[in-house]
Amino acid sequence: MRFSFFAIVNMMCVMLLMSCDDIIEVEDISNTPPVIIAPDNNSELTTSAVTFSWYDVYEAETYRFQVATPNFDSASQLVEDVVLDSVNYSTNLSSGNYQWRVKALNSAYESEYTTYNLTIE
């Protein structure tokens, strides 16, 4: 069975389009910021050990998690800045006022940050 040059090129184009279609199909998560579980906004904690948790965003691959003191607008220190593949993060914080935030990421999109305030007494 012999194929013409054009038939072979046509088959290659079809195969190429199918594989490109698979690559292009990435869920747009830009309008789906993480929903926080804990700690609640404006929490006042008496312990330095804190576990931050949020719900999984569908089709997110990783999460960028940050903690600043006293807040991100006038940060004197960026205490934490990590990319995680889980929906929680534990750390120890000294007494003071903090702001923490998390956003979802995948290979093509990133959500807005969800930002909360926290005080460690």
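Strands E4 and E5 pair in the antiparallel sense, over 7 bridges. The model that shows this pairing is a predicted one. Across the pair, Phe 65 stands opposite Val 82 in E5.

Now widen the view to the sheet. E4 and E5 belong to an open sheet of 5 strands, ordered E2-E8-E7-E4-E5. Its pairing is mixed. Strand E2, residues 43–45, stands at one edge and E5 at the other. Each has a single partner strand, so one side of each is left without a neighbour in the sheet. From one strand to the next, the twist averages 20°.

Next comes the nonpolar core. In soluble globular proteins, nonpolar side chains tend to be buried together. Here the largest nonpolar core has 19 residues. Those with the most contacts inside it are Phe 52, Trp 54, Phe 65, Leu 93, Trp 100 and Leu 118. Four strands each supply at least two of the core's residues: E3 (49–54), E4 (62–69), E7 (96–105) and E8 (114–120). The largest share, 4 residues, comes from E7.

Asp 81 leads on to the charged pairs. A search of the whole structure finds 2 salt bridges. In one, the side chains of Asp 81 and Arg 64 meet at 3.6 Å, N to O. Asp 81 lies in strand E5 (residues 77–84) and Arg 64 in strand E4, so this pair ties together parts that are 17 residues apart in sequence. Asp 81 is partly exposed, at 37% relative accessible area. Arg 64 is partly exposed as well, at 28%.

The other salt bridge joins Glu 110 and Lys 103, at 2.5 Å, N to O. Glu 110 counts as partly exposed, with 43% relative accessibility. Lys 103 counts as buried because its relative accessibility is 11%, and the cut-off for buried is under 20%.

One last stop is the loop between E7 and E8, where Ala 108 is found. Ala 108 is partly exposed, at 46% relative accessibility.

Notes:
Residues are numbered from 1 along each chain as its sequence is written. This is a predicted model: local features need pLDDT of at least 70, side-chain atom pairs count only at pLDDT 80 or more; totals for chains, interfaces and linings use all residues. Side-chain values use heavy atoms; hydrogens and water are left out. A nonpolar core is a set of buried Ala, Val, Leu, Ile, Met, Phe, Trp, Tyr and Cys residues joined through side-chain atoms within 4.5 Å. Buried means under 20% relative accessible area, exposed over 50%, partly exposed in between (1.4 Å probe, protein chains only). A salt bridge is a side-chain nitrogen of Lys or Arg within 4 Å of a carboxyl oxygen of Asp or Glu. Two strands pair if DSSP finds at least two bridges between them. Axes are lines fitted to C-alpha atoms, for helices over the stretch in contact, and angles run from 0 to 180 degrees between N-to-C directions.
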